[in-house]
Amino acid sequence: MDARAQASAEPIIRLEGVQKWFGKFQVLADIDLTVAAGERIVVCGPSGSGKSTLIRCLNGLESVQQGRIVVDGIDLTAHKRNVEKVRAEVGMVFQQFNLFPHLTILQNCTLAPMRTRGIGKEEAQATAMKYLERVRIPEQAAKYPSQLSGGQQQRVAIARALCMNPKIMLFDEPTSALDPEMVKEVLDTMIGLADEGMTMLCVTHEMGFARSVADRVIFMADGRIIEQAPPQQFFTQPRNEKTKQFLGQILSSHQQPNLAAT
C-alpha cells in the first residue's frame, strides 16, 4: 500500500530490551520490536503469554522496569510526562467497550477531544459524526450504550478512539467479548482502517483477520516474542514448536467468519 511504501525509515514504534514483572512473575522478557508507520501487526499467543501487557505498555497503561519504548519519537520510558504526549497520538480499543453509560454515544465520542485537545463542541460533534458514519452507526448518536448491541458498542469504541485523530491504533482482543454474529461487523470496521493505512497493533485470536490484514504476525509465549513472520509464512511454515502447537489448537477450534472487506 502507498502509506507503507512511503513510510519513513525511522520506526513509529521501537521497543528495546523491554522487561516487566508483576511481583516476582516476569510477564515480558527481552522484548525487541520495531513497527513501521502504516504497518499492521497481529499479536497472538496462548493466555498469559504477555501479549495484552505488551500493547498496554505502548500507551503507558503499564510501566516497564527495564528497557526503552519510543512511540512516534517520544521516549515513553524517559519521563512520566511523556505518557500523556504518547496517549494523545495512540488510540486504544479494549475487550470490554469501556463506554461511559451515563453519556450518549455522541457525548462519549466528543468528551476526550474537548477536554484534552481543547476542541470546541461544534467541531468535536462534527468529527464524532464523521467517525460514527465511518463505522456505520451515525443513527445511534443520541442513544446510550445500553441501548446498543455489543458489536455496535465496540464500533462506538473504535469511533471514539478515532476522534482523537491518532497515528496508531491498539486493539486488545476487540472481539473476544462479542457474540459470534457480531464479530464480523467489528472486524470489517478494522479492515477498513487497515486499508486506509492506519498503523495498527492488534491482539487477537481471529486468525482469519490475521491472514487477511496483517503485514506481520507476532507469536508470543512465556513473555517473549517467539516467532514473527508475514502471514503466509507464519501459517504455512511456522518454525517454532510452540507456534505449531498453538496454530494446531486454535485453527481447529475457531470457525472463522467471512472477512470480505466492505
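Student: At what angle do the axes of H4 and helix H5 cross, and how close do they come?

Tutor: Two packed helices are described by the angle between their axes and the distance between the axes. Here the axes of H4 and H5 (residues 121-134) come within 9 Å and cross at roughly 125 degrees. That makes H4 oblique to H5; angles under 35 degrees count as roughly parallel, over 145 as roughly antiparallel, 65 to 115 as roughly perpendicular, and the rest as oblique. Axes are lines fitted to C-alpha atoms, for helices over the stretch in contact, with angles from 0 to 180 degrees between N-to-C directions. Helices (H or I, at least four residues) and strands (E, at least two) are DSSP runs numbered from the N terminus.

The model is predicted: local features need pLDDT of at least 70, side-chain atom pairs count only at pLDDT 80 or more, and totals for chains, interfaces and linings use all residues. Residues are numbered from 1 along each chain as its sequence is written, and side-chain values use heavy atoms, leaving out hydrogens and water.

Student: How do H4 and H6 pack?

Tutor: Their axes are 8 Å apart, at an angle of about 30 degrees. H4 is therefore roughly parallel to H6.

Student: What is the strand order in the open sheet of four strands?

Tutor: Strands of a sheet pair through backbone hydrogen bonds, either parallel or antiparallel. In this sheet the order is S2-S1-S4-S5, with antiparallel pairing; two strands pair if DSSP finds at least two bridges between them. S2 (25-35) and S5 (74-75) stand at the edges, each with a single partner strand, so one side of each has no neighbour in the sheet. Further in, S1 (residues 13-22) and S4 (residues 66-71) pair over five bridges, and Arg14 stands opposite Val70 in S4.

Student: Which residue takes a positive phi in the hairpin of S9 and S10?

Tutor: Asp222 does, near 55 degrees, in a hairpin with two residues between the strands. S9 (residues 216-221) and S10 (residues 224-229) are antiparallel, with five bridges; Met220 has Ile225 in S10 as its bridge partner.

Student: Which residues lie nearest the centre of the largest pocket?

Tutor: Rolling a probe the size of a water molecule over the atoms shows where empty space is left. Arg87, Val90, Met92, Ala112 and Met164 lie nearest the centre, among 23 lining residues. On a 1 Å grid over the protein atoms alone, a pocket is an open set of points where a 1.4 Å probe fits, with protein on both sides within 12 Å along at least five of seven lines; lining residues have an atom within 4 Å of a point. H4 gives the most to this lining, with five residues.
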